[in-house]
Structure formats: C-alpha cells, structure tokens
Amino acid sequence: MSKRLLALVLIIVSVIAYHLLASDFETTSIWQTEIENKILSDPLAAAGNYVFWGGNKGKNLYKLYLINSQGQKVAESQDLPHLPFDPIVIGNNVIMADHGRMLRGFSLPDFKVAWEVASNDMFEFPPIKCGNSNVLQSSGKSIFCFDSKTGKQLWDITVNDGMKNYACDKVIVAIHGYKDVSKPNWKCSAYDLEYGVDLWTLEEPVSKETPLFVKDTCVVTTAEGEAIVVNQLSGQILYRSGAKGYIAVKALDEGVILANQAYTNFVYLSLLTGKSWTSTLKKDFVGAVQIGSNLVIADKVTLRCFDINSGVLTWQKDLGDIYGCFPHRNGIFVTYKEDFSARQTFAACLGADSSNNLWLAKGSSLFRKPYPLAEGDLLLNYDGTIRLMPKPVFKNNSTSVSMPSMPDPTQKVNQAFEKITPQKASNTQQIQNNKNTNQAIPPVVPTVSDEDAGW
C-alpha cells in the first residue's frame, strides 16, 4: 500500500472515529409505536390515560387522541375543523378552545362533546384552570368563567379598554388598557376566583408580559421595565428592583428570572432573601429550571447550570439550536437540533449534577415534553411517533435544597444591572449586601419529596 493511500485511509478512519466519539449515542427505547397524524401538544394525564391533540394542518383537520401507558390508542374525537389551542384537563373533562371561536368540553374516556360555547370575538389565549373545577376563557374585552363539567357561565370580568394578557393563581391578574401603536398604556388589575370581584389595581402603567406567580406574590414589570413584586391578595408592593429595561420571563421556587429587552443578560432575583446575581445570554432566553440549589438556564444555543445562591457556573453544554427546556422528574428535559437547517432532532433528559445525558432520543421532528410514568418516560414526537424511554436515575445531590440561616437582604438590583456589560457566558456578577432592602417572601423553603421528584 502506497504512503499516499495509507495516509488517506488514516484520515478517513480518524474523521469517523472523531464523529463517533464526539456524538452522543441514542438510548434504546423500551417500546415505540406511532399514530397516523402529527402530534401537536404535550401529553396530559387524563382518567388513567394520556391525552393530546394532533392532526393535519394542510387539510385543516384536527382531533383529540387518548392513549394508554403502552402507547395504544384508547379513543379519538371527531374531526375538529379549526386549529385548536392546547387543551387542559379538569376532572373527567378535556377543555379545548379553537380559532373558530368555540370553547368545548369533551368527556372522558369517549371524547363526546359534553358542552360547547360560542364567542363573538376571536380567542387570543388558550383556556386556563380557575380554582379546582372552573375554567377561564378570554374573549374581546372580557374574561369568562365556566363550570368545567357543564359549560355554564358563572361570571365574567369586563374592562372598558381592552384585555391584553392574564394569568391565574390565588387570584386572577389581568393586563388591560388601550392598544395605542405608538405608546400603549397597560394597567394591572386583580380579581378573586369565586365571583370575579375586583380586588386591586396598580397605580402605574405596566408592560404587556404575562404576570408570574411566586408563592403568594405576583411579579410584573412596569412600562419602563422595572420588576415589581406584589402581594396577590392585597396588591401591596413588597419589592421594587429599581432597574429599568427588564422583562420578568420565568418564575421559580423562591425567585424570578429577569431578562433585558435585548436578551443579552439575565438576572436571578431571590424573593426569599433579596439577593440577586447576573450573567449573560448568548441568544434569546428559552427556559429555566430550578433543581434544588441548581439553576439550569437555556438560551437558544447553550445549556448552563449555576449554583442558585452564588451564580457560580458549574457546567455548560453547547447544543446548537434549542427549542424547549422544561422541568422533568428531578431533572430537565431539552429538545434541540445541532443547527437550524438540520433534519435530525434530539430530546435529552439530564440531571443537575453534570452535563451528561440520562437518556437521549433522536427523531425527524421536534419532541414534545415527556410525561413520567412508573415504567419510564412517555415521549411523543411531532412526526407521530410515541415511545417509552427508560426511567432516568438521578444522583441524590440533585434533590438537595440549600437552607438559608437568616435572611440577608441586599442592595437594590439596579446597581448590578447598570454595570452589566457583554462578557463570557461563564461570568457572573454578585450584588453587595445592604441591610435596607426587604425580602419579598417569608424564609420558608419547601423540601422535595420522593413523589414530587418522580421516584
């Protein structure tokens, strides 16, 4: 064999070996099956089975599917002629709204239409749960509350200007106002869950973003981008960040993630202690998951894990093009491609202790958020495939939660925000202590039970 040919063979072998060693190996699923249509929502637990909606966007035909824990189809609904919003499950009913201005309740397990309500205005948001057994649906200038079993309207909230956004926890918090293109003016008001009675309204204008809830508080941002922490029931302002130009993007166990409007920086603000720290984003914010004392942040290209108390970076994983990052069992689930034009997509489950995958799946389309079963993880793909991934095994340190001794409030976060400059993703800035700042929530840290952790 000539030296030139030998060198060529060595180069080819080296390239193949490099790709084999550099690539993550797919985890063999316990079983795999498929349905005839695309899968368009995450699986939800429903009367001992699992529900999602799928369909054919080209033919504008959609339906609900019910499968069991073996991926076998139990039931499917009649064809729905309009594009639906993602469903919710309340008791033995699946509630779904569509872009044809219809809100329907489907009974389980046969998917018969238990009730339906038509609207005069187009829906801009999916239905959301209100209390234990009711459902909210916004339409035009109103938010309507229905009994999820019968579809009977119980009450409504109607504003004089226009409904922009809303969310529900211990109260309903609505963003409403005038949709002036050049300078919109949004207000924030709260209403009780039982009768829709007006509870409080903030005096200053707010941004249009969805309100976030942390324990008994609600977090909104002002029109200038200052984070405000409000008591849900009283409307009392408990904390102001003092910094401008930020958006509250994610609520966590005892804190909130704020991102600047350019999505180049994010801030973790603890509402338990008043402490905060900041780091950079390479691209748009995708998601954040708290696992005990670890905080996993996903931007469009990178997955990073920080110590939530100090902001110290513990590991980083570059993935390419991230589409979703969600809490799963006692870890995280992420779906991504190596780049935007890649044909193959990936789904991975990770713990907080390292960047190593606990399982990895590959597919031709994007994966939906998995549902944890006793036997493993129910994983659905947009292309119609359904598989059961092995149950991940997490290290015990993923469940640890740091217990603060005494609250140690810190200086208002605006001083740290104003000093932020573009820097490497691993860099963080810590705010110095100041005894004049108050904590927003009481120092009670919940433990993580085995059931909540998914064991």
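Strand E8 (residues 93-97) and strand E9 (residues 102-107) run antiparallel and are joined by five bridges. This picture, like everything that follows, comes from a predicted model. Strands of a sheet pair through backbone hydrogen bonds, in either a parallel or an antiparallel manner.

Strands E8 and E9 belong to an open sheet of four strands, and walking across this sheet gives the order E7-E8-E9-E10, with antiparallel pairing. At its edges lie strand E7 (88-90) and strand E10 (113-118), each of which pairs on one side only. On average, neighbouring strands of the sheet are turned by 20° against each other, direction ignored.

Two cavities of 30 Å³ or more are found in the structure. The largest cavity has a volume of about 50 Å³, and its lining is made up of Met 122, Glu 124, Phe 125, Ser 138, Ser 139, Gly 140 and Met 163. Sorted by class, this lining holds three nonpolar, three polar and one charged residues.

The second largest cavity holds about 40 Å³ of space. Around this cavity are Ser 207, Glu 209, Thr 210, Pro 211, Val 219, Val 220, Thr 221 and Ala 248. Strand E20 (residues 217-221) gives the most to this lining, with three residues. By class, the lining of the second largest cavity divides into four nonpolar, three polar and one charged residues.

Conventions. Residues numbered from 1 in each chain as written. Predicted model: local features only at pLDDT ≥ 70, side-chain atom pairs only at ≥ 80, totals over all residues. Heavy atoms only, no water. Pairing = 2+ DSSP bridges. Helix = DSSP H or I, 4+ residues; strand = E, 2+ residues; numbered from the N terminus. Axes fitted to C-alpha atoms, helices over the stretch in contact; angles between N-to-C directions. 1 Å grid on protein atoms, 1.4 Å probe; cavity = no way out; pocket = protein on both sides within 12 Å on 5 of 7 lines; lining within 4 Å. Points joined across faces, edges and corners; volume = space filled by probe spheres on them. Nonpolar A, V, L, I, M, F, W, Y, C, P; charged D, E, K, R; others polar.
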